[in-house]
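Reader: I would like to learn how to read pairs of aromatic rings in a structure. Please take me through a case.

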Amino acid sequence: MMKLIDFFIGLFSHLIPKKYKEKYFTILRSEGFMYLVFGALTTIVSYVTYAVATRIFQIGIIPADIISWVCSVAFAFVTNKLYVFKSTSNSIKNVTKEAVSFVTARLLSLGMEVGMIYVMILPVIGINDLVAKLIANIAVIIANYFLSKLIIFKKK
């Protein structure tokens, strides 16, 4: 995955003046930037699975959101562990602890997301459910970053 990211970075590197290239590469390989990239990809996973569930399979809004959450959490755990926070824990005990902490934090953010969507689609506010989901996802990404950095994958 990092080779793919380095490939895309390389595509644009010729546009950067030489004196800024080192800083450019440092920023693009930073934890915060990688979290944004994988957060965006996780949002896409969540959004697409939600849209497919509601539009193609005619599943209700809240059950579809839960389905999209399960898919995106599985994707996010792997990418956060390996590429963002670069956790090196390999023992079953440590990986299980990280996974349980990750899922617990994501359950909290699921409640936050479902609550936000519910409030935003109320007739009083009347935001389209797909727009409400996108707004809620942005808030969830921010909350999840701090939970992951400070609790789940904290450096020992």
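**Reading aromatic pairs**

Author: F102 and F153 are both buried. Keep in mind that this is a predicted model.

Reader: How is a pair of aromatic rings described?

Author: A pair is described by how far apart the ring centres are and by the angle of the planes.

Reader: How many aromatic pairs does a search of the whole structure find?

Author: The search finds nine aromatic pairs. One of them joins Y35 and Y145, with 4.8 Å centre to centre and 65 degrees between the planes, which is edge-to-face. Y35 lies in helix α3 (residues 31–56) and Y145 in helix α6 (residues 129–152), 110 residues apart, so the pair links distant parts of the chain.

Reader: Are Y35 and Y145 buried or exposed?

Author: Buried means under 20% relative accessible area. Y35 counts as buried because its relative accessibility is 7%. Y145 is also buried, because its value is 16%.

Reader: Why is the pair of F102 and F153 tilted?

Author: The ring centres of F102 and F153 are 6.0 Å apart and the planes stand at 50 degrees, so this pair is tilted. The pair links distant parts of the chain: F102 belongs to helix α5 (residues 92–121), while F153 is in the segment after α6, 51 residues away.

Reader: What sits over the ring of F102?

Author: The charged end of R106 does, 3.8 Å from the ring centre.

Reader: Which residues do ring pairs link into a cluster?

Author: The cluster consists of Y35, F77, F85, F102, Y145, F146 and F153. The chain around them has six helices and zero strands.

Technical notes
Residues numbered from 1 in each chain as written. Predicted model: local features only at pLDDT ≥ 70, side-chain atom pairs only at ≥ 80, totals over all residues. Heavy atoms only, no water. Helix = DSSP H or I, 4+ residues; strand = E, 2+ residues; numbered from the N terminus. Phe/Tyr/Trp six-rings, centres within 6.5 Å; stacked < 30°, edge-to-face > 60°. Buried < 20%, exposed > 50% of the residue type's maximum accessible area, 1.4 Å probe, protein only. Lys NZ or Arg CZ within 6 Å of the ring centre and 35° of its normal.
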